[in-house]
Amino acid sequence: MVKNSPYSKKNIINIYSDKPKVIILPSCFYDVVNFFRFKLFEDNYTWLINLLELAKKTNFDWYIKPHPDGFPENKKKIIEIKNKYPFLKILPS
């Protein structure tokens with residue numbers, strides 16, 4: 001049994017709002033960017049920015065759950081995204 005698994009803890013999130021909720025589960029931005037042969041976006045970061053530009057126009061609660069095994073630089077990028085899109089709430093990875 002792995003003692004330090006990111007999946008070993010239960011995170012309970014209480015969300016009280018009548019708005020629809022959207023949770024984004026992006027891959028690590030620094031992981032393999034050329035994984036898919038036929039893709040609509042250059043990489044996961046580009047996809048996320050496009051999604052959040054659309055999200056600004058909605059009346060939803062938007063959440064992002066960073067990849068639990070992401071590279072350390074990934075956390076910095078998530079914080080930058082949060083600063084650019086303040087409506088976005090960051091969940092524990």
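## The model and its overall make-up

This is a predicted model, in which local features need pLDDT of at least 70 and side-chain atom pairs count only at pLDDT 80 or more, while totals for chains, interfaces and linings use all residues. Residues are numbered from 1 along each chain as its sequence is written, and side-chain values use heavy atoms, with hydrogens and water left out.

The chain has two helices and three strands, taken as DSSP runs numbered from the N terminus (helices are H or I with at least four residues, strands are E with at least two). Read from the N terminus, the elements follow the order β-α-β-α-β. Of the 93 residues, 22% count as buried; buried means under 20% relative accessible area, exposed over 50%, and partly exposed in between (1.4 Å probe, protein chains only).

The accessible surface comes to about 7500 Å², with 57% of this area belonging to carbon and sulfur atoms. Areas come from the Shrake-Rupley method with a 1.4 Å probe, and for residues only the protein chains shown count as cover. Among contacts between residues at least 6 apart in sequence, 78% join residues at least 24 apart, where contact means heavy atoms within 4.5 Å.

## The sheet and its helix

Three strands make up an open, parallel sheet, ordered β1-β2-β3. Strands β1 and β3 (88-90) stand at the edges with a single partner strand each, so one side of each has no neighbour in the sheet. From one strand to the next, the twist averages 30°.

Strand β1 pairs with β2 (residues 61-64) over four bridges in the parallel sense; two strands pair if DSSP finds at least two bridges between them. Within this pairing, isoleucine 24 has isoleucine 64 of β2 as its bridge partner. Helix α1 packs on the sheet and touches β1, β2 and β3, its direction making about 165° with that of β1. Axes here are lines fitted to C-alpha atoms, for helices over the stretch in contact, and angles run from 0 to 180 degrees between N-to-C directions.

## Salt bridges

The whole structure holds four salt bridges, each defined as a side-chain nitrogen of Lys or Arg within 4 Å of a carboxyl oxygen of Asp or Glu. One of them joins aspartate 61 and lysine 21 at 3.7 Å, N to O. This pair links strand β2 to strand β1 across 40 residues of the chain. Aspartate 61 is buried, at 8% relative accessibility, whereas lysine 21 is partly exposed at 33%.

Aspartate 61 also meets lysine 89 in a salt bridge of 4.0 Å, N to O. Here strand β2 is linked to strand β3, with the two residues 28 apart. Lysine 89 is partly exposed, at 36% relative accessibility. Through shared partners, Lys21, Asp61 and Lys89 belong to one network.

Glutamate 53 and lysine 56 form another salt bridge, at 3.0 Å, N to O. Glutamate 53 is partly exposed at 30%, and lysine 56 is partly exposed at 48%.
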